[in-house]
Amino acid sequence: MKKKLLIAGSLLLLSGVLHLLLSNAQRDALTANAVDGTVSLSNFSRDSLIALEGEWEFYWKEWVSPQNPARNAPGYSKLPESWCNLEYEGAHLPAQGYGTYRLRITGLHDGEIYGLYQPELLTNYRLLINGQELLRDGNPGTSRKTSVPSFHPQVTAFTSRNNTVEIILQTSNYHYRKSGIWRPPYFGAFNTIQQYRQNRTIIEALLIGGLLIIGLYHIVIYLYREQEHSALYFGLFSLLSVIRVATTGEHLFTSWFPFISWDIARRLEFALPVFGAWFFLKFLNALFPNEAMKKITAYYSIQTLVVSIP
């Protein structure tokens, strides 16, 4: 009974941290849907947090900028989506390649300081605002050799010009099975954008801290009571969840440990859910042993072994 109460208490604590992730001071973003590469924000309040979705101009295999005008007419990518949904010369675009996204924002106020929260792109980007490069993550290139992948959300500040802002995102992908913009940029007053990023970081850090405490606590219990296998499995499940959370979202793992390569971080991101689910099944099997649970665990163990083979 004590063991079950201990596990139940841990699950309640984990649920509380997850609830904090979902409901703490994050603000709900409004959505501005662009049409033909242009969006007006004149009807939004100045303190709004706005997701820049809708139809962005997209130029396949071109680095478009004010200094380098487009050679071809644009396609339109309805964010958030992969550029693989677009067609070029009668065929869907491949996941690997490079291109430029462009959006014009109107209805702004000159002199006001605006901000942009730019999530990771698949798999790098160079951000230009009104022709000036303000952010770079990794290195966009025209081949695998010249392209450097990186996942680091960032924030920048700028002002409008003639009540208008032009956003250009140059990006490439030669290292990932997906491509394009899966999380749209967020626009607003600079203070609003800063607060949004800070809230996301704090919430994820609290979730990581909560999972870490739960994991270490259960492993210590196992060290003192080696018959408590359920505590070991739940502790390992929690520790794997820590790394999973830290390699997604704000990608705190590579921010805290910059020597970890992008490739290793992605392998961890995809492998850990598989092994985490296996430890969770082992935990349930140890807590509620029966023939059905043993068969499910054995079946999943074989699948995990197959997946883990290079």
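Begin by selecting Gln118, which lies in strand E8 of what is a predicted model. With a relative accessibility of 0%, Gln118 counts as buried, the cut-off for that class being under 20% relative accessible area. If you display its surroundings and set aside the neighbours within four places in sequence, you will find Gln118 in contact with Tyr125, Leu135, His152, Pro153, Gln154, Leu169 and Pro185.

Now zoom out to the whole chain and colour it by secondary structure, which shows 6 helices and 13 strands. Of the 310 residues in the protein, 46% are buried, and the accessible surface comes to about 15700 Å², with 59% of it belonging to carbon and sulfur atoms. Among contacts with a separation of 6 or more, 72% are between residues 24 or more positions apart.

From strand E8, follow the chain into the loop between E8 and strand E9 (125-129), where Thr123 is found. The peptide bond from Leu122 to Thr123 is cis, with omega near 10°. A second stop of this kind is Pro80, whose place is in the loop between strand E4 (75-79) and strand E5 (87-88); here the peptide bond from Leu79 to Pro80 is cis, with omega near 0°.

Next, select Arg46 and Glu112 together. Their side chains meet in a salt bridge, with a distance of 3.3 Å from N to O. Arg46 lies in the loop between strand E2 (38-40) and strand E3 (50-60), while Glu112 lies in the loop between strand E7 (97-106) and strand E8 (113-118), so the pair ties together parts that are 66 residues apart in sequence. Which of the classes, buried or exposed, does Arg46 fall into? At 51% relative accessibility, Arg46 counts as exposed, whereas Glu112, at 16%, counts as buried.

The model has 1 cavity of 30 Å³ or more, and about 110 Å³ of space lies in the largest cavity. This cavity is lined by 13 residues, of which Leu41, Phe44, Ser45, Arg46 and Tyr114 are the closest to its centre. Select strand E13 (residues 186-189) as well, for this strand gives the most to the lining of the largest cavity, with 3 residues.

Move on to helix H2 (residues 190-224) and pick out Glu204 and Arg200, whose closest N and O atoms are 3.8 Å apart in a salt bridge. Both residues lie in helix H2, 4 residues apart, which is about one turn of the helix. Glu204 is buried, with a relative accessible area of 8%, and Arg200 also counts as buried, at 14% relative accessibility.

Val220, Leu223 and Tyr224 form a nonpolar patch on the surface, with about 380 Å² of accessible area together. At 41% relative accessibility, Val220 itself counts as partly exposed.

Finish with two backbone stops. Asn163 is found in the loop between strand E11 (154-159) and strand E12 (165-173), and has a positive phi of about 65° although it is not a glycine; Asn163 is partly exposed, with a relative accessible area of 36%. His251 lies in the loop between helix H3 (229-246) and helix H4 (252-256), and its phi is near 55°, a positive value in a residue other than glycine. With a relative accessible area of 4%, His251 is buried.

Conventions: Residues are numbered from 1 along each chain as its sequence is written. This is a predicted model: local features need pLDDT of at least 70, side-chain atom pairs count only at pLDDT 80 or more; totals for chains, interfaces and linings use all residues. Side-chain values use heavy atoms; hydrogens and water are left out. Patches are made of residues with over 30% relative accessible area and no salt bridge: like charges are joined within 9 Å, nonpolar side chains (Val, Leu, Ile, Met, Phe, Trp, Tyr) within 5 Å. Accessible areas come from the Shrake-Rupley method with a 1.4 Å probe; for residues, only the protein chains shown count as cover. A salt bridge is a side-chain nitrogen of Lys or Arg within 4 Å of a carboxyl oxygen of Asp or Glu. Buried means under 20% relative accessible area, exposed over 50%, partly exposed in between (1.4 Å probe, protein chains only). Contact means heavy atoms within 4.5 Å. On a 1 Å grid over the protein atoms alone, a cavity is a set of points where a 1.4 Å probe fits but cannot get out, and a pocket is an open set with protein on both sides within 12 Å along at least five of seven lines; lining residues have an atom within 4 Å of a point. Grid points are joined across faces, edges and corners, and a volume is the space filled by probe spheres set on the points.
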